[in-house]
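Here are my notes on the model, point by point. Please read them with the structure open.

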Amino acid sequence: MDQFTLNLLVVGASFVLYIGIAIWARAGTTAEFYAAGRGVHPVLNGMATGADWMSAASFISMAGLIAFGGYGTSAYIMGWTGGYVLLALLLAPYLRKFGKFTVPEFVGERFYSNTARLVAVVCLIVMSVTYVIGQMRGVGVTFSRFLEVKTDTGLYIGAAIVFAYAVLGGMKGITYTQVAQYCVLILAYSIPAIFIALNLTGSFLPQMGIVGSYEPGGVSSGVSFLAKLDSVLTELGFTTFTAHTTNTLNMVLFTMSLMIGTAGLPHVISRFFTVPKVADARASAGWALVFIALLYTVAPAVGTMARLNFTTTMWPAAVSGNALDGEAVAISAFDTDPKLSWVKTWEQTGLLIMTDLNGDGKIQYFNDAPLQAPAKAAEAATKALVDARTKAGLPEAADLTAPEAVAVNGAADAALADLQAKLVAAKAALTDAQGALMVGGKSVADRGWVGNEVTKVDRDIMVLANPEIAALPGWVVALVAAGGLAAALSTAAGLLLAISAAISHDVIKGSFNPNISEKGELLAARISMSFAIVVATYLGLHPPGFAAQVVALAFGLAAATIFPVLMMGIFSHRINKEGAIVGMLVGLVFTAVYIFLYKGWFFVPGTAVYADVEANWFFGISPLSIGTVGAALNFISAYLVSSVTAAPPKHVQDLVESIRVPRGAGAAQAH
Amino acid sequence: MSDRTSSNAYWAANIRIITISLVIWFVCSFGFGIILRPMLMGLHIGGADLGFWFAFNGSIYVFLILIFAYAWRMNKLDKEFGVEE
């Protein structure tokens, strides 16, 4: 059976499973549609939360990010798990006791204000829509890579599947489907990781392998795995993997921003409305983290091992000794060595590009960062001269630096000669840089190299190509395809539910038509869900150019608006309507403006006030990390405004008292 | 809230547990994982320095223990104060 048929069978089987579950778990009431009837076991709820939380980004991109990022990327690992501690201790039990369906509903009742509720709805929709675009895109891309259909066709298939189980089953259908999706994605992630860990470190647990010793193919080398990785990277001129951060403040704020952003994401919070009791909400956050940890503790091993595997593929001598003691990998090996056939496969997708710049038939992979600026300058100078010659109607020149290249009618043209002088200077600067850049004690020029010949490595292939790099059987490759789809579909469904609940419950029932019947609201929820899927599909087909940057905004907003307002609503009697609204707006505006300063106003290209580089950041704080500062300003301004305005009314203070004790959560759910 | 005093004592106990948990949460992630890492370079877990291990793996294990310990402690507290479900 060929790989394509196998992919089709495995992915098809997983889809049949999801649809079967959807038919079994149809929702009949709004309580089932919004909160799965509050009857989900905490362990199953934890599993569903794990699938909901771990998106295409966690499954496909994170390990690649770690592989090429080094120690600093641990901010993602700590940030995207530490938020669950905040959820379990500060939010989940109290919001479950409150016993309603959506996050804006809590904000509206606790701060006795429809304005506050609508501000929360706006924040929620901006965050969720942002996320959903990325998921729909992930579905389309995974389909096109593994099932040989167009990205757009893949997106339609994915949207149809989500439509079937999300619109039918609501939270109930989504939750039980996510349990199945979790199982698929964790298997798909762990199996290749275990094989690779065994292969490189002799330990089958990836978590042990990363701190274990380096044993390629079972032969002990006497050094630890991380020391080996660091020494190979140093030899090729890269920063070591374990090198400490150069900007501690920014790393702390970034990690914090991811943590409180995680705790403030409405589609994660609403998972804790589905369990029967307050005690279950506490434990469920723990179970969610257990299932998330199964992937997150493996990701650093997958990333580091993929980086070493990739580097030793380029420098075969590095497997057992120094990389530069041997020759770089020959291009012909990609055709002849079956172990390297994955290089060809991934070159065809355009995600991996190798160019033999010096024409020696080998691919030299090293850090050529110091050469990039002079190489670009030389390229620009060449282009300027060629363009000027074309404009003057001159034919192509064999040698642009020769005197005849700037001659017009036998005499040197002043303007062309000036451009030629600049080109000569730029080329000389590049040659100087090649002479000055030392790799392994010898200059790049002396080695006969021109630049790094691995001109593009898309980070995402580190996970997707893993089973092929480790030469695993075809069904593992198929499983990884199904896993990537499960990760993207489960997150998309959770986000779509959060959006549709906000529209049907907070906007329609909360503001326009409070007397809507149970049946009417359920229909409204299904219609808004369908509408949300159509919008998400459209945006997935026509992604705004800024989709990646908006993710920073989503986390920043969750951190600076939703998390503080929920926490103050629970832990303070005194914060009132005015304080909450001012706090949310201050957090929202401050965070959005700081991001826009570096990314462009509303992400319109070319409107950024400052270039997004570390030298320009205020106090060295990156736009990705600013959510923490926004949250602090939210807390401060809410406190100041509340202390000069009237205290909340008695019934609101009683509400705060009541959510602080678990007893009576069952009664609170009745409307 | 028929018994305001007992519910205040329950809440004060809860706040105390939360505070202790969050101190541990902060020290193990931001402390060992980032801020104190340069000072802990001499200590190792296998092939990794202690700070590196906490940043990539250890902090997650601490987070897990914290959440389950909190859930267990609070369930006990609920019963002590008679506010369990």
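1. Domain bounds here come from an automatic or database domain assignment. The model is a predicted one. On that basis chain A splits into domain 1 (3-305 + 466-543) and domain 2 (369-436). Taken over C-alpha atoms, the centres of domain 1 of chain A and domain 2 of chain A are 52 Å apart.

2. Next, the cores. The largest nonpolar core has 229 residues. A:L185, A:L496 and B:I67 touch the most other members. Helix α8 (residues 151-201) of chain A gives this core its largest share, 22 residues. Another core, of 13 residues, lies apart from it; A:L371, A:L423, A:L430 and A:A433 are among its members.

3. A closer look at A:L496. Leaving out residues up to four places away in sequence, A:L496 touches A:V132, A:V162, A:A166, A:M529, A:A532, A:I533 and A:A536.

4. The contact between the chains involves 44 residues of chain A and 39 residues of chain B. On the chain A side, α5 (74-98), α10 (225-235), α11 (248-263), α13 (278-296) and α28 (665-668) each supply at least two residues. The largest share, ten residues, comes from α13(A). By type, the side of chain A that touches chain B has 25 nonpolar, 14 polar and five charged residues.

5. Helix α26 (residues 627-644) of chain A passes a length check. Its 18 residues should span 26 Å at 1.5 Å a residue, and its end C-alpha atoms are 26 Å apart, so the two agree. Buried residues in α26(A) include A:G627, A:T628, A:V629, A:G630 and A:A631. Further along, A:N634, A:F635, A:A638 and A:S642 are also buried.

Note on methods. Residues are numbered from 1 along each chain as its sequence is written. Chains are lettered from A and ligands numbered from 1 in the order in which they are written. This is a predicted model: local features need pLDDT of at least 70, side-chain atom pairs count only at pLDDT 80 or more; totals for chains, interfaces and linings use all residues. Helices (H or I, at least four residues) and strands (E, at least two) are DSSP runs, numbered from the N terminus. The expected span of a helix is 1.5 Å times one less than its number of residues. A residue is buried if 20 or more other C-beta atoms lie within 10 Å of its own, exposed if 12 or fewer, and partly exposed in between; C-beta atoms are placed from the backbone. A nonpolar core is a set of buried Ala, Val, Leu, Ile, Met, Phe, Trp, Tyr and Cys residues joined through C-beta atoms within 7 Å. Two residues are in contact if their C-beta atoms, placed from the backbone, lie within 7 Å. Ala, Val, Leu, Ile, Met, Phe, Trp, Tyr, Cys and Pro count as nonpolar, Asp, Glu, Lys and Arg as charged, and the others, Gly among them, as polar.
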